[in-house]
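Let's take a quick tour of this protein chain, from confidence scores to sheet and surface. Have the viewer open as you read.

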Amino acid sequence: MKPRHLSALYFVIPLLAVLTTWTTGLWGHVGSGTTEYGLPLPWKTEQIVPTCNMCPLPTSYNWGLFIVDAAFYAAIGYVIVLIYARRV
């Protein structure tokens, strides 16, 4: 693989990592009174309000965990590219 193609991957991998992290925020895990979203770390939390049936749920975001999740997926992408570059 040419170095020019590898430099394009260094831009695409973080973008894909952020999109993957954002996509994992669509799957929820029900906890004690809350629903948590995000894999592997829950970075989005919705509180369950038992008295209100059709009210929008209060949502909080933990941007630190979002960044850690994105870095986790970026590291996976960089390791895949590194292994591929060494084999080729």
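Predicted model: local features only at pLDDT ≥ 70, side-chain atom pairs only at ≥ 80, totals over all residues.

## A cut-off to start with

Before we get to the surface, one convention: a residue counts as buried under 20% relative accessible area, as exposed over 50%, and as partly exposed in between.

The protein chain has an average pLDDT of 85, and 92% of the residues score at least 70. Among the elements, helix H2 (residues 63-87) gets the highest mean pLDDT, 92, while strand E1 (residues 28-30) gets the lowest, 78.

Which residues make the nonpolar surface patch? Phe 11, Val 12, Leu 15, Leu 16 and Leu 19 do, and the patch covers about 480 Å².

Take Leu 19, which sits in helix H1 (residues 3-24). Its relative accessibility is 44%, so Leu 19 is classed as partly exposed: that value falls between the 20% and 50% limits.

## The sheet

Next come the strands. Four of them build an open sheet, ordered E1-E2-E3-E4, with antiparallel pairing. At the edges you'll find E1 and strand E4 (59-61), each of which pairs on one side only. On average, neighbouring strands in this sheet are turned by 25° against each other, ignoring direction.

Now zoom in on strand E2 (residues 34-37), which pairs with E3 in the antiparallel sense over four bridges. The two form a hairpin with six residues between them, and Gly 38 in the turn has a positive phi of about 120°. On the other pairing, strand E3 (residues 44-47) runs antiparallel to E4, joined by three bridges.

## Two tryptophans

How many residues apart in sequence are Trp 63 and Trp 43? They are 20 residues apart, yet their C-alpha atoms are 6.7 Å apart in space.

Trp 63 belongs to helix H2. Is Trp 63 buried or exposed? With 52% relative accessibility, Trp 63 counts as exposed, because the cut-off for that class is over 50%.

Conventions. Residues numbered from 1 in each chain as written. Heavy atoms only, no water. pLDDT = per-residue confidence, 0-100. Patch = residues over 30% accessible without salt bridge, like charges linked within 9 Å, V, L, I, M, F, W, Y side chains within 5 Å. Areas by Shrake-Rupley, 256 points an atom, 1.4 Å probe, with all protein chains shown as cover. Salt bridge = Lys/Arg side-chain N within 4 Å of Asp/Glu carboxyl O. Buried < 20%, exposed > 50% of the residue type's maximum accessible area, 1.4 Å probe, protein only. Pairing = 2+ DSSP bridges. Axes fitted to C-alpha atoms, helices over the stretch in contact; angles between N-to-C directions.
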